[in-house]
Amino acid sequence: MKIMKTVNLRTAALILWTVIPHYNSEVYKPKTLTIGGIFPMSGSWAGGVGCLPAVKMALEDVNNRTDILPDYKLEMQFDDSQCKPGLGTKVLYKLLYDKPTKLLVLTGCSIVSTFVAQAAKMWKLVVLSYGGSSPALSNRERFPTFFRTHPSGTLHNPIRVKVFKKFKWTKISTIYETLELFTSTIEDLEERVKVAGIDIAMRQSFFTEPASAVRNLKRQDARIIVGVFYEDTARKVFCQAYKEKLYGKKYVWFIIGWYPDNWYKVKDDRINCTVEQLEEALEGHLSTEAVILHQEPTMTDVGMTANEFTRRLNERLNTTDTTLVTGYPEAPLAYDAEWSVAFAFNKTVEKLAERGVKLEEFDYYNEEITNAIYSAMNSTKFLGISGNVAFTAKGDRIAWAQVEQFINGSYVKLGVYDAVADNLTWYNKEKWLGGRPPPDHTRVIDHLRVVSPNLYFSMCGLAGVGILAGIFCLIFNYYNRNRQCVAFSQPAINNLTVVGCIVCLGCIVLLGLDGKFVPAHTYPLVCQVRAWLLSVGFTLSYGPMFSKIWTVHQMTTTRRKERTRVQIWGLFTILAILILLDVGVLTAWQVLDPLQRKLETFARIQPVNTEEDIELLPQLEHCHSENLNIWLGVLFGYKGILLIFGIFLAYETRSVKLKQVNDSRFVGMSIYNVVVLCVITAPIS
């Protein structure tokens with residue numbers, strides 16, 4: 001009985017030893033498979049600093065599993081590419097020509113992955129990237145054997161568009177570094193925002209120095225800005241943004257979220273901004289990135305939880321602040337990349353065994369083994385540290401995306417986006433410097449310049465006094481019409497002068513009417529009524545005086561014995577001719593070229609006593625027609641001739657006294673006054 005118990009305990013122990021990974025022990029495996037690794041340990045993105053330890057840890061874990069590649073031990077030869085395509089290609093050739101044969105190549109940053117993936121297909125090599133996000137890498141014609149655990153850069157764009165729509169931003173601007181990774185991302189964004197009905201107001205690109213591009217954004221009043229560039233360039237961009245004051249409550253920046261959390265604190269001798277200044281410029285910006293760490297505390301298919309992975313990686317890195325480790329956020333992707341290789345090789349070994357072929361027989365000319373590795377990688381699917389790992393037909397990683405906001409020096413998750421379900425889950429944790437989301441452009445408010453109400457009603461009051469005085473004169477003339485002194489002044493024609501003055505005074509009310517009182521569609525009618533009343537009113541007020549001074553002149557140029565009583569019909573005839581002339585010109589004007597409402601705009605002004613992001617656009621209403629100057633020339637022309645002729649007649653009859661027209665001297669004086677006032681006011685009006 002004791003022997004049976006001992007056997008059972010040993011069997012259970014063996015099973016546990018096989019199933020549970022042992023991080024500090026080694027399992028003997030007789031054969032070796034070697035892969036190549038290209039890691040950016042320095043340069044524009046030194047992601048290898050955080051990713052290489054994760055890959056080494058994955059190699060150990062794979063080699064300690066007896067159920068994965070039981071007869072093979074995975075090894076890796078690697079070198080530094082400095083995130084430079086030329087050096088990365090040199091490292092690839094070195095890996096290819098150095099023994100042993102490499103079955104697969106791991107790559108990091110996008111620009112190196114592009115060159116390596118294009119060259120590797122000539123050696124029948126599958127390439128797997130843990131850090132390449134360039135959308136161009138999804139092109140199967142250019143990169144037929146390429147896969148990546150890092151999601152494509154286009155993964156950021158759907159969630160960006162969702163956020164644009166959420167906050168009703170319909171106008172954005174872009175600034176990007178002129179590398180294929182970023183240009184292809186912006187091209188994809190442009191297509192998506194076009195479909196969503198969002199305009200790209202301004203596009204700025206730069207090669208090395210972003211100063212000019214940032215200035216242009218400021219000059220063009222960009223508000224919602226999408227920036228895509230590497231981490232070291234981001235420090236330059238936001239240093240310049242600080243100098244240009246392109247930050248604060250009026251602006252929202254969208255940048256890439258795969259930088260370390262404290263990326264702006266890295267010492268950089270190429271910029272002359274302090275950490276505090278960068279933090280001030282970054283406050284409130286949004287970042288988008290893939291969800292690259294499994295969110296649940298459950299056991300994954302690689303034999304540990306995400307928390308265990310983080311603890312072990314931190315021990316390897318031996319640092320108190322992992323936010324300063326470049327590539328640390330991508331470490332789960334690098335770890336899962338190595339496991340993807342292991343799972344794919346494990347499937348390949350089984351498939352090749354059915355055909356009597358061994359994986360270690362691979363050389364750079366054996367397309368059969370390459371196709372087997374490609375097929376296995378394409379069908380690989382497991383729950384890894386970075387979440388569910390699976391690849392599309394283009395070799396892209398399927399993943400969720402998240403958006404974070406930089407609030408008081410740290411990043412706060414605002415929401416996650418499931419691209420498959422096209423669903424944005426929002427946590428409502430955002431904080432805006434102005435208390436609300438900034439508008440995508442300065443709101444311009446039309447500001448109609450109108451007459452001051454105090455001035456308008458004051459002038460209307462004075463006009464009312466004048467009209468009352470005119471009415472009093474009419475009443476006086478009516479009741480005293482039979483008196484000799486009144487009768488010889490021709491009260492009937494005098495009454496028309498008073499009526500003309502009343503009409504002109506009434507025009508003050510119409511001249512002060514503007515958009516505050518009259519709607520735009522009614523304004524042309526007001527323009528027409530103004531022209532008619534002012535022109536006819538002037539003729540009614542000046543015409544009787546002209547007819548009287550004309551009559552006086554006629555009587556003084558005839559012999560005394562031939563002088564007769566003044567015929568009232570003669571006075572009215574002259575006035576009627578003048579009125580008909582007005583009616584003819586005004587009718588032709590209204591029919592052929594009617595007056596319309598025209599708005600004159602002026603330079604925008606900043607309102608006072610408000611913190612809102614608005615500007616006022618001053619506008620002034622005018623009555624206008626296509627040939628306004630011609631019509632005014634016609635009206636002013638013949639009325640000017642009448643004024644000149646009238647003042648001539650007044651001068652000629654200045655010393656004349658007639659019983660039949662006993663107020664001729666006062667008429668002449670009135671004509672002088674009318675001419676002087678017209679000469680002064682006509683050019684101004």
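User: How do β6 and β8 pair, and over how many bridges?
Analyst: Strand β6 (residues 171-177) pairs with β8 in the parallel sense, over four bridges, where strands are DSSP runs of E with at least two residues and helices are runs of H or I with at least four residues, both numbered from the N terminus, and where two strands count as paired if DSSP finds at least two bridges between them. Ser173 has Ile225 in β8 as its bridge partner. This is a predicted model, in which local features need pLDDT of at least 70 and side-chain atom pairs count only at pLDDT 80 or more, while totals for chains, interfaces and linings use all residues. Residues are numbered from 1 along each chain as its sequence is written, and side-chain values use heavy atoms, with hydrogens and water left out.

User: And which residue does Val226 stand opposite?
Analyst: Val226 stands opposite Phe254 in β9, a strand of residues 252-256 that pairs with β8 in the parallel sense over three bridges. Together with helix α8 (residues 231-243), β8 and β9 make a right-handed β-α-β unit; right-handed here means that, with the strands pointing away from the viewer, the path from the first strand over the helix to the second runs clockwise.

User: Is β8 largely enclosed or open, and why?
Analyst: Strand β8 (residues 224-228) is largely enclosed by the rest of the structure, because five of its five residues are buried, and buried means under 20% relative accessible area, exposed over 50%, and partly exposed in between, with a 1.4 Å probe and protein chains only. Ile224, Val226 and Val228 point one way from the strand, whereas Ile225 and Gly227 point the other way, and all are buried.

User: OK, charges now. How many salt bridges does a search of the whole structure find?
Analyst: The search finds 22 salt bridges, each being a side-chain nitrogen of Lys or Arg within 4 Å of a carboxyl oxygen of Asp or Glu. One of them joins the side chains of Arg142 and Glu180, at 2.9 Å from N to O. Arg142 lies in the loop between β4 (126-129) and β5 and Glu180 in helix α6 (residues 180-195), so this pair ties together parts that are 38 residues apart in sequence. Arg142 is partly exposed at 26% relative accessibility, and Glu180 is partly exposed at 34%.

User: What does Glu209 pair with, and how far apart are the closest atoms?
Analyst: Glu209 forms a salt bridge with Lys236, with the closest N and O atoms 3.3 Å apart. The pair links distant parts of the chain, since Glu209 is in the loop between β7 (199-206) and α7 (211-219) while Lys236 is in helix α8, 27 residues apart. Glu209 is exposed, with a relative accessible area of 52%, whereas Lys236 counts as buried at 14%.

User: Which residues make up the salt-bridge network?
Analyst: Glu231, Asp232, Arg235, Asp268 and Arg270 are linked in a network of salt bridges.

User: Last topic, the surface: which residues form the nonpolar patch?
Analyst: Leu468, Ile471, Ile475, Tyr478 and Tyr479 form the patch, with about 580 Å² of accessible area together. Patches are made of residues with over 30% relative accessible area and no salt bridge, with like charges joined within 9 Å and nonpolar side chains (Val, Leu, Ile, Met, Phe, Trp, Tyr) within 5 Å, and accessible areas come from the Shrake-Rupley method with a 1.4 Å probe, where for residues only the protein chains shown count as cover. Tyr478 lies in helix α13 (residues 453-479) and is partly exposed, with a relative accessible area of 49%.
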